Amino acid sequence: MQDEQALPLTGQDGLDAEWTRAAQAEAEAGTTSFDMTVCLTEPIHLLGGIQSHGALLAVDDAGVVEVVSANTGAVLGSEPEDLLGTEVEAVIGTEGVAAVRATLDAPTGDRGLCAVVLPSSGESFDVTVHRADGRTVLEFERRPVQDTFRFSQFYPRLRTSLTKLQHERTVVDVCASAVAEIRALTGYDRVVAYRFDGEAGPGEVIAESVADGLEPWLGLWFPATDIPPQARRLYERNWIRVIHDVDDETATLLPQVLPGTAQPLDLSDSALRTVSSFHLEYLRNIGVASSMSVSLLHSGSLWGLIACHGVTPRRLDPEVRSACEFFGVTLSLQLAALEEAQTSRARHDTRTALSRLVTELNTDITQSVRTSVDLLHELIDARAVVLRLDGETTVVSGQDPDALKPGLAALWDVMPHLTAGEVWSTDNLSSHDASLAPHAEQLSGVLVLALGGTGDLIAWVRPERRAARTWATDPSTPVRLGEHGERLTPRGSSAVYQAYTRGCSVPWTTSDEAVAGEFGRAITTLVLRHNARLTALNEELNRANRDLDTYAHVAAHELKEPLRGIFNSTAFIREDAGDLDDTTVRRLDTVQRLAQRMDELINSLLHFAQLGHGALRPQRIDLRDAALAALEVAGPRLAEREVDVVLPEPGLVVHADPDRLSEVLVNLLVNAAKYARPELPRTVEITLAQDAVSVRDNGIGIPPEHREEVLRLFRRLHQRDAHGGGHGAGLAIVHRIVERHGGEVRLDATPGGGTTVTFTLPDGGGQGPLGLS
């Protein structure tokens, strides 16, 4: 169990929860008599002491010493009681005060280092200076008689090391070079680089430099519980942490709490801060007597650690620590630059793929996704790409899509609501919702791009990644009794554990999410442009339809006048000419008959054009009453042809314009009479089923290849005078009326012969709220 020193931290479900579970397991097993959750809440920055090889003074803004460490007599030559309440200038001299002020004013971050010579003894000290709780904190460490470190000597080697790091191509290579250089610089027996598996995961040793005779740790994983959350926060705050001797006797601070408060001095930025007893025990259990940790940060978050272990106590001078801290900062920048270069290359590749994909998009999103699957996989690596539109799920790529569908159906029920263009991802769906755990093998990770606020989306999905890990301790019981009879399990490769991670996919990267967002914006832009074009086309179409209706209406009226003149002129010729030969009479009869037919055609055209004008007045209509009203017009024709009519049951209600519905039924009943079969029985039946009205006869029928044709104006399948004549306008008028109601017309063959005309009157369709109920 660590203070803030070596091994990785955070658990998959969060450090606090992970530590609590481990502690509860210990208590239930009865293997320990103390509360392990103390590790979770221990205020390691408020332990009230420092490592005894140095001394501490805390000075208020007036320059008066308010807090001292209990060992100032041994370190500084002045007892604590003699220093409390004393002017700090009397302790470190005028030059010392000036050096401290200059250090505080310098832009060195949270801490600075200066040299101070005590006037009382002439002894030289390295003094680490920082601010805490409104006070200036001074931490004194004796300078060695022979200064073993010179930056001028160290810098050429450091420059060579950093140049070498810059030429390494991978993160592992950079870390391997770094641990070798730090071990050579510090003399520690083991130096390792840990990389954390995400913000809330365990850590893996990815590089190591170790002395002969020590067991290797390279490739081992360490449980997330090895570092509590408060230690993680201190790692992110401080670049370096050094423990000189695990058996050191802590020098307590006097007084134990700050004047006017109930809290000890905050030592978050202290270089000499004392060490948690839990962590000291941990180090003893793994055979470590001294240690140093250097934080590796990326974008302000802890990416990993350089951890150094010595088998004997080891004191590092402040200058050496500063050099190691500088090396850690530079290494962090190098790792960030390497990762940024990799990310930049990935972004360039994805932008190229995205550009190609956008140029191939069309307004049919489903078809676009289907034809662009390879490009979508270039954008984001996934097992499958899933499209969900209007509640229908389509797996457009990937093996065995049927195996994914149960998990996807469960996911849609528990997925958060997303606005258009929003991206949501997780690599552990089971942690998002426990109901998804049974589907983890097929579906553990998902990256979702919302296409709208109604549930339309594109999703990239990934299966479970069963990653084999070799653990330095059993990850299921990271806290157990150790060989020292205390609390903790020794770590190391002498007894490793093999385990598999379950329930998680390969994590999604920020680049994955950014690409999905860019793709979403491209689709949104395309849809907006399409909608704008569609709106303009609709306006143009409506204008053209209005012009066409007006033209048909005007043309019909204008043609009727000369047509009447032709008809009347032929009549006058017959009356005034007296005796005419048979040929002339026949020709005059033909002219009159054609004029009369033209008049009928114009009337039909005029009526058809009028159907596009005027508002519909829908209301609730009993279908049986509408059929009886239609029979008042069509009844004589049906009776003449001996066609039996089967009326719908009373109480079946539709919503429609009553005059237009009557016209539809009259046309269909008249057609049933005109095209009745030669033999008896002859029938026509009106029904309502599944929101559709059907008029079914057993007449001569319509061949399948002509069923679309007969819905057009003036299209007849028979000779002009056959089957009672007509102009071919009846079904076209039916079609026009139903379209205005927002419905559809379908012609089917009736079993046993005949035709079934089915039409719908949907609620709210067309220009009026029409429908069936």
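## Strand β18 and its partners

Strands β14 (residues 384–389) and β18 (residues 457–462) run antiparallel, joined by five bridges; strands here are DSSP E runs of at least two residues, helices are H or I runs of at least four, and both are numbered from the N terminus. Two strands pair if DSSP finds at least two bridges between them. In this pairing, Val 385 sits opposite Trp 460 of β18.

Strand β17 (residues 445–450) also runs antiparallel to β18, with six bridges between them. Here Leu 449 stands opposite Ile 458.

This is a predicted model, where local features need pLDDT of at least 70, side-chain atom pairs count only at pLDDT 80 or more, and totals for chains, interfaces and linings use all residues. Residues are numbered from 1 along each chain as its sequence is written, and side-chain values use heavy atoms, leaving out hydrogens and water.

## How enclosed is β18?

Six of the six residues in β18 are buried, so the strand is largely enclosed by the rest of the structure. Buried means under 20% relative accessible area, using a 1.4 Å probe and protein chains only. Both faces are covered: one has Leu 457, Ala 459 and Val 461, and the other has Ile 458, Trp 460 and Arg 462.

## Helices α17 and α18

Now for a pair of helices. The axes of α17 (residues 623–640) and α18 (residues 658–674) come within 8 Å and cross at roughly 30 degrees. Axes are lines fitted to C-alpha atoms over the stretch in contact, with angles from 0 to 180 degrees between N-to-C directions. The two helices are therefore roughly parallel, a label for angles under 35 degrees.

Terms used: Angles under 35 degrees count as roughly parallel, over 145 as roughly antiparallel, 65 to 115 as roughly perpendicular and the rest as oblique. Buried means under 20% relative accessible area, exposed over 50%, partly exposed in between (1.4 Å probe, protein chains only).
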